[in-house]
Amino acid sequence: MSQSNLLHFLAPNSRLPTDVTFQVIPSSSTTPVSVPAHKCFLATASSVFDKMFFESDKSRGQGMVIEVKNMEEDVFRMFLNHMYGKDLVVEELQDVPSTFGMFQLMEKYDIVELKEKILARMKSLTVDKGNFATIVNLVGQCEEHSEVKDVLQSMVFSYLQENLGMSLGKLTMFMTEHGGMDGQAMVSVLGMVVGKVSGGEGDSKEVEMQGPPASPQSRREIVMEFLEFSNFPGDKLEKMVDMFIKGTEDKPLLYIPPHRRQIESVDPSIESGNQE
């Protein structure tokens, strides 16, 4: 029997009983969707599933349940169908969240042959005002130094460059117009224009800066101004600023004009894009 013929075992009228159930929980809901499957077929397709199901005594019993968080049902079913032998057509992944979700599944279950194709699909998608906040929030879900994080950051960074240049004032206004981002996501965006962002092709892009890094006090003033202007909750402001400063201690912070580089306190009019 060819692998492609295994799909009919997922049909509701299949006479082969399932022995594992995935509880798929979309990011927009707390109610899981039950997706039943068969350990033996999954283990054949993935060494991770093989180890999970057959190298652990705890998983040998019937009725195993696996929770899959922040995953859309249609994306997971597409992944599952591939595990049962159906070819995955990456062009059917219509947006960045679904492509991101599929990459996460492929990476988690070590389906290496499709990862590059999925990353290429992601790079081909467009960042716009409608999906910008969603993409930034996805960056926060990535593992540090992951391939997909590099790609997403590069996409966001390119969009910011094309639309804003490197003006802090324009960036701040832009962030207030793009709803749907929590404080961590907003600081993530600011961080993208502070330091080094991978180009996603084995090279890297540096924000073009002039002069030495801003002093710690100047850095704090700029980030504080940015978050306050963005209506970030006051009771969490200091903690968020500290988090950002700690993560970017040795990186340049946007462009500070030469005549202002030795001044500790940054005049908002200088950093808001109103330079003469």
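I looked up leucine 152 and, setting aside its neighbours within four places in sequence, I found this residue in contact with Val96, Phe100, Met122, Ile135, Leu138, Val139 and Cys142, where contact means heavy atoms within 4.5 Å. I note that this is a predicted model, in which local features need pLDDT of at least 70 and side-chain atom pairs count only at pLDDT 80 or more, while totals for chains, interfaces and linings use all residues. Residues are numbered from 1 along each chain as its sequence is written, and side-chain values use heavy atoms, with hydrogens and water left out.

I then turned to the core. The largest nonpolar core has 51 residues, and Leu152 is among those with the most contacts inside it, together with Phe22, Leu42, Phe76, Phe79 and Tyr84. Helix α7, residues 147–164, gives the most to this core, with seven residues. Such a core is a set of buried Ala, Val, Leu, Ile, Met, Phe, Trp, Tyr and Cys residues joined through side-chain atoms within 4.5 Å; helices (H or I, at least four residues) and strands (E, at least two) are DSSP runs, numbered from the N terminus.

Next I followed the helix pair α4 and α6. The axes of α4 (residues 96–108) and α6 (residues 132–139) come within 10 Å and cross at roughly 20 degrees, the axes being lines fitted to C-alpha atoms, for helices over the stretch in contact, with angles from 0 to 180 degrees between N-to-C directions. The two helices, α4 and α6, are therefore roughly parallel to each other, a term for angles under 35 degrees. Val96, Pro97 and Phe100 of α4 make the contact with Thr134, Ile135 and Leu138 of α6.

I also checked the sheet, which is open and has three strands in the order β2-β1-β3, with mixed pairing; two strands pair if DSSP finds at least two bridges between them. Because β2 (33–37) and β3 (64–69) stand at the edges, each with a single partner strand, one side of each is left without a neighbour in the sheet. Strand β1 (residues 20–25) pairs with β3 in the parallel sense over six bridges, and the bridge partner of isoleucine 25 in β3 is lysine 69. Helix α2 (residues 47–54) packs on the sheet, touching β1 and β3, and its direction makes about 140 degrees with that of β3.

Last, I looked at serine 46, in the loop between α1 (39–45) and α2. Leaving aside neighbours within four places in sequence, serine 46 is in contact with Tyr109 and Ile111.

Terms used:
Buried means under 20% relative accessible area, exposed over 50%, partly exposed in between (1.4 Å probe, protein chains only). Angles under 35 degrees count as roughly parallel, over 145 as roughly antiparallel, 65 to 115 as roughly perpendicular and the rest as oblique.
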